[in-house]
Amino acid sequence: MEPGSILQIIMIVVGLYLLIAVVSSLAKRKMTESFCLTWGMIAIIIILAGILLRPAEWNRYISAMGMLLLLLIGFCIIYGAYFMSSKVSELMRKNMELSMQVSLLNHEKDELKKKLEEIVERLDNIN
């Protein structure tokens, strides 16, 4: 099997794995929709690049070990970016949840303040 074909297969497999991971993250609500849409587009681009690009004679310019090193660096970059975007999504969701809780607490505080003012007013009227 030619090294170019192996590179194509690797790109297609990585794209499919990334697409499955993105759909899974969206289904489990680990990532927001905007991040999932972006990562889905990146996965489709990687799959299409693996299908359409024909890396012929690339081994004249870079050795097999050099290509392996570049693939490992690429995987690390993709994993790091995916990890960071999932953490940012998680923090965005937590921030939204906390803001909703603060809003509810403020509303409850206002209601209790009104009730307290009514009670104080009644006590003043009695005395």
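The structure holds two aromatic pairs.

Q: Hi! What counts as an aromatic pair here?
A: Rings of Phe, Tyr and Trp (its six-membered ring) pair if their centres lie within 6.5 Å; planes under 30 degrees apart are stacked, over 60 edge-to-face, and the rest tilted. This is a predicted model, where local features need pLDDT of at least 70 and side-chain atom pairs count only at pLDDT 80 or more, while totals for chains, interfaces and linings use all residues. Residues are numbered from 1 along each chain as its sequence is written, and side-chain values use heavy atoms, leaving out hydrogens and water.

Q: Are W39 and Y82 buried or exposed?
A: Both W39 and Y82 are buried (under 20% relative accessible area with a 1.4 Å probe, protein chains only; exposed is over 50%, partly exposed in between).

Q: And why is the pair of Y79 and F83 stacked?
A: Their ring centres are 6.3 Å apart and the planes sit at 20°, so the pair is stacked. Y79 and F83 are four residues apart in helix 3, about one helical turn. Y79 is exposed at 58%, whereas F83 is partly exposed at 38%.

Q: New topic: what do the buried residues of helix 2 pack against?
A: They pack against helix 1 (3-27) and helix 3 (64-126). Among these buried residues are C36, W39 and G40.

Technical notes
Helix = DSSP H or I, 4+ residues; strand = E, 2+ residues; numbered from the N terminus. Contact = heavy atoms within 4.5 Å.
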